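Biologist: I've got a new protein on my screen and I'd like to learn how to read it. Could you walk me through it?

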Amino acid sequence: MDKAITFLGFAQRKRAVVKGVNAVSYQKKASLLILCSTAKENTVKAAKSLSKKLHAPLLVSNEPVENLVHKENCKLIAVTDMNLARAILENVGETFSILEESEN
């Protein structure tokens, strides 16, 4: 199992994961966004826009995001804990790839 997925699990237990495009769009800050590779074009555009707005890196998950966070039809999540987001980024393996870097 990928270490990044383990850290994502820690973030979920800490309640530091916001699930869904609409919920993420209401966030004032996020440290990392994760997009599903099966997301449609409009969702990808929204994720890129949110990545710029929140100054957060955007990862694409090869594993369906809904399986990672146990929420049906979820295509985008935000990790709000900076330390866990950094740990996920440092352990990006086969499951995730970086789509957009943050401008910080």
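Biologist: What percentage of the 104 residues of the chain count as buried?

Modeller: Keep in mind that this is a predicted model. Here, 44% of the 104 residues count as buried.

Biologist: How many helices and strands does the chain have?

Modeller: You'll find five helices and five strands. Walk along the sequence and the pattern reads α-β-α-β-α-β-α-β-α-β. The radius of gyration is 12 Å, close to the 13 Å the globule rule gives for 104 residues, so the chain is as compact as a globular protein of that length. Its C-alpha atoms fill a box of roughly 30 × 30 × 25 Å along the principal axes.

Biologist: Among contacts between residues at least 6 apart in sequence, what share joins residues at least 24 apart?

Modeller: That share is 82%.

Biologist: Now the rings. How is a pair of aromatic rings described?

Modeller: You use two things: the distance of the centres and the angle of the planes. In this chain the count comes to one aromatic pair. The ring centres of phenylalanine 7 and phenylalanine 10 are 5.9 Å apart and the planes sit at 75°, so the pair is edge-to-face, as angles over 60 degrees are.

Biologist: Where do phenylalanine 7 and phenylalanine 10 lie?

Modeller: Both are in helix H1, which covers residues 3–13, and they're three residues apart, about one turn of the helix.

Biologist: What is the relative accessible area of phenylalanine 7?

Modeller: Phenylalanine 7 has 23%, so it's partly exposed. Phenylalanine 10 is partly exposed too, at 36% relative accessibility.

Key. Residues numbered from 1 in each chain as written. Predicted model: local features only at pLDDT ≥ 70, side-chain atom pairs only at ≥ 80, totals over all residues. Heavy atoms only, no water. Phe/Tyr/Trp six-rings, centres within 6.5 Å; stacked < 30°, edge-to-face > 60°. Helix = DSSP H or I, 4+ residues; strand = E, 2+ residues; numbered from the N terminus. Buried < 20%, exposed > 50% of the residue type's maximum accessible area, 1.4 Å probe, protein only. Rg over C-alpha atoms; globule rule 2.2 N^0.38 Å. Contact = heavy atoms within 4.5 Å.
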